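Me: I'm new to reading protein structures. Could you walk me through this one with a few questions and answers?

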Amino acid sequence: MNWGIRVVIVLVLFLAGMTFMVGLAMRQTNETVDANYYDKELKYQQVIDGKQQLAALGQRVSVTDSAGSIWVRLPEPASGHLDSGYIDFLRLSSSAADRRISIRPGSGAVYSLPRTSFVKGWYHVSVTWTNNQVGYYFEENVQIP
């Protein structure tokens with residue numbers, strides 16, 4: 001086999017590989033984890049302050065899966081006088097499965113969500129709330145089976 005045929009074979013393999021990669025890239029979705037990420041970046045100091053307030057308590061938010069429900073428990077010292085807040089379940093692979101639950105004043109420190117309302121997989125859970133005019137923030141990744 002002469003060198004000209006080898007060059008043609010290498011070029012054909014290269015073009016086939018590039019065509020495969022372009023086809024693979026066109027199937028990918030271009031979702032971001034959060035549509036309002038730029039606005040949230042501008043307010044990130046509130047997140048830092050909320051994490052520090054929660055760390056000062058020495059307790060953390062509990063996100064557990066039991067009895068067919070997902071339970072979110074706020075620490076008692078930070079839930080006696082709830083002002084407002086929300087719990088976000090952001091599905092890492094599809095924003096269509098994201099959930100947001102509002103925390104209303106006087107609604108208590110324990111939230112139960114039916115597991116059937118979630119798609120199985122990994123979620124980024126973030127809890128933002130104010131209690132007695134003090135802001136708190138918690139986040140972790142949770143797998144829902």
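This is a predicted model: local features need pLDDT of at least 70, side-chain atom pairs count only at pLDDT 80 or more; totals for chains, interfaces and linings use all residues.

Me: Which side chain makes a polar contact with the side chain of Glu 140?
Reply: Glu 140 sits in strand S7, residues 134-144. Leaving out residues up to four places away in sequence, Glu 140 touches several residues, among them Val 63, Tyr 123 and His 124. The polar contact between side chains, at 3.0 Å, is with Arg 60.

Me: Which strands stand at the edges of the open sheet of three strands?
Reply: Good one! The sheet has the order S1-S2-S5, with antiparallel pairing. A strand at the edge has a single partner, so one side of it is left without a neighbour in the sheet; that is the case for S1 (62-66) and S5 (110-114).

Me: And what is the bridge partner of Ser 66 in S2?
Reply: Start with the strands: S1 pairs with S2, residues 69-73, in the antiparallel sense. Five bridges join S1 and S2. The partner of Ser 66 in S2 is Ser 69.

Me: Why is the protein chain described as more spread out than a compact globule?
Reply: Let's look at the whole chain, which has three helices and seven strands. Its C-alpha trace spans about 80 × 35 × 25 Å along the principal axes. For 145 residues the globule rule gives 15 Å, and the chain counts as more spread out because its radius of gyration is well over that, at 23 Å.

Me: What percentage of the residues count as buried?
Reply: Buried here means under 20% relative accessible area. Among the 145 residues of the protein chain, the share that counts as buried is 28%.

Key:
Residues are numbered from 1 along each chain as its sequence is written. Side-chain values use heavy atoms; hydrogens and water are left out. Two strands pair if DSSP finds at least two bridges between them. Helices (H or I, at least four residues) and strands (E, at least two) are DSSP runs, numbered from the N terminus. A polar contact is a pair of N or O atoms within 3.5 Å; within protein, one must be able to donate a hydrogen and the other to accept it, and residues adjacent in sequence count only if both atoms are side-chain atoms. Contact means heavy atoms within 4.5 Å. The radius of gyration is taken over C-alpha atoms; the globule rule is 2.2 Å times the number of residues to the power 0.38. Buried means under 20% relative accessible area, exposed over 50%, partly exposed in between (1.4 Å probe, protein chains only).
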